[in-house]
Amino acid sequence: MLSSRILTTVEAHAEGEPGRVITGGLPNITGASVFEKMQNMQALHDDIRLLMLREPRGNPGLCCNALVPPCDPDADMGFIIMEQTEYPPMSGSNTICVVTVLLETGILPMSEPLTNLTLEAPAGLIKVRATCLNGKVTAVEFRNVPAFAMHLDAIIDVPSIGPIKVDIAWGGMFFVLADADAIGLSLDPDNGSEITRVSEALLHATKEQLPVVHPENPNITGPTLTNLWARPTDPKTDGRGAITISTGPFDPDHPNEASGILDRSPCGTGTCAKMAVLHARGILKLGQTYVNAGPLGTTFSGRIIEETFVGPYPGIVPSLAGQGWICGHSNYTLDPSDPFPKGYTVGDMW
């Protein structure tokens with residue numbers, strides 16, 4: 001068997017959201033920080049992201065993570081997050097997958113009942129506390145980067161839909177948030193096609209009409225995801241969310257053909273962004289917990305542990321907790337004669 005590339009991975013998911021972790025076979029990724037390493041990978045090694053996430057080795061709902069040496073001396077490991085159309089600075093579900101893989105495979109030592117470690121994400125240092133029992137990570141809680149609301153109650157004119165009232169907030173990624181009930185949109189997972197259609201149209205209208213830049217890193221722009229929310233249906237939860245991840249370019253002339261897929265988990269950064277909006281409105285207070293349900297009914301639990309500022313914006317330091325599971329170990333190869341070295345997308349799925 002001829003192979004021009006062999007990548008070793010561990011397959012995992014966090015509350016339903018798949019997050020593949022590359023543990024071997026990467027080229028040298030350079031940079032003075034993991035953010036710079038992310039930029040280096042995007043500029044010079046984006047073929048790895050495409051190889052891993054597109055068919056035949058990937059699928060529209062898959063995320064991927066590359067383990068890299070940290071640059072900050074306080075960090076135990078660095079990781080670069082890869083999604084279908086971007087390199088997110090931070091991701092809650094991917095953080096949970098990475099921690100689960102690092103500890104359960106022995107890449108980093110596990111201590112029971114608690115393991116404390118620090119990861120360097122492109123967004124910064126992430127303090128992690130993992131609950132462990134009999135070699136299994138049973139819960140991952142981490143201190144996220146500060147979250148903040150940048151715009152509240154902005155009106156976005158969405159072609160073919162009309163005006164929609166939105167918030168724009170950062171929770172490790174930039175989200176445009178809207179009340180699904182006000183739009184008249186059911187967040188039932190069986191309604192996924194309509195959710196993603198509306199979400200993609202809303203996202204790209206917001207990008208045009210109200211683009212945002214992170215006040216502390218001008219290289220981070222947005223919004224890049226849509227976060228539709230609704231009232232809870234389970235009394236043990238505080239809310240529901242449906243986050244759409246773009247899987248391809250948006251054509252404004254054909255908005256009904258927009259390609260996106262629902263995040264299977266409650267979305268960690270999306271939960272933190274929602275918490276920042278609730279705090280900005282005086283609804284969620286310091287020390288309060290917010291339990292967010294995703295399309296599958298699984299939950300992430302967030303809590304406001306500090307109040308802070310991000311540039312001129314009042315914000316919060318949230319923690320987030322959930323669980324991950326390893327579901328496979330793989331070696332992916334690339335035959336030099338393979339006609340699809342960067343994978344492919346087909347309109348029936350993508």
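How many aromatic pairs are there by the ring-pairing rule? The count comes to four, where rings of Phe, Tyr and Trp (its six-membered ring) pair if their centres lie within 6.5 Å, with planes under 30 degrees apart called stacked, over 60 edge-to-face and the rest tilted.

Before you click, note that this is a predicted model, in which local features need pLDDT of at least 70 and side-chain atom pairs count only at pLDDT 80 or more, while totals for chains, interfaces and linings use all residues. Residues are numbered from 1 along each chain as its sequence is written, and side-chain values use heavy atoms, leaving out hydrogens and water.

**Stop 1: the rings**

Select F148 and F174. This aromatic pair is edge-to-face, at 6.2 Å centre to centre and 90° between the planes. F148 belongs to strand 8 (residues 147–158) and F174 to strand 10 (residues 174–179), so the pair ties together parts 26 residues apart in sequence. Strands here are DSSP runs of E with at least two residues, helices are runs of H or I with at least four, and both are numbered from the N terminus. F148 and F174 are both buried, meaning under 20% relative accessible area; exposed is over 50% and partly exposed lies in between (1.4 Å probe, protein chains only).

Bring in Y313 to complete the picture: F148, W170, F174 and Y313 form one aromatic cluster.

**Stop 2: strand 13**

Select residues 225–230, which make up strand 13. Five of its six residues are buried. Strand 10 runs parallel to strand 13, joined by five bridges; two strands pair if DSSP finds at least two bridges between them. Look for A178 opposite L228. On strand 14 (residues 239–246), the pairing with strand 13 is antiparallel, over five bridges, and I243 is the bridge partner of N227.

**Stop 3: salt bridges**

The structure holds twelve salt bridges, each a side-chain nitrogen of Lys or Arg within 4 Å of a carboxyl oxygen of Asp or Glu. Select D338 and R57, whose closest N and O atoms are 3.0 Å apart. This pair links parts of the chain 281 residues apart. R57 is buried, with a relative accessible area of 13%.

Next, pick R231 and D181, which meet at 3.3 Å, N to O. R231 counts as exposed at 58% relative accessibility, whereas D181 is partly exposed at 34%. Finish with R129, E141 and R303, linked in a network of salt bridges.
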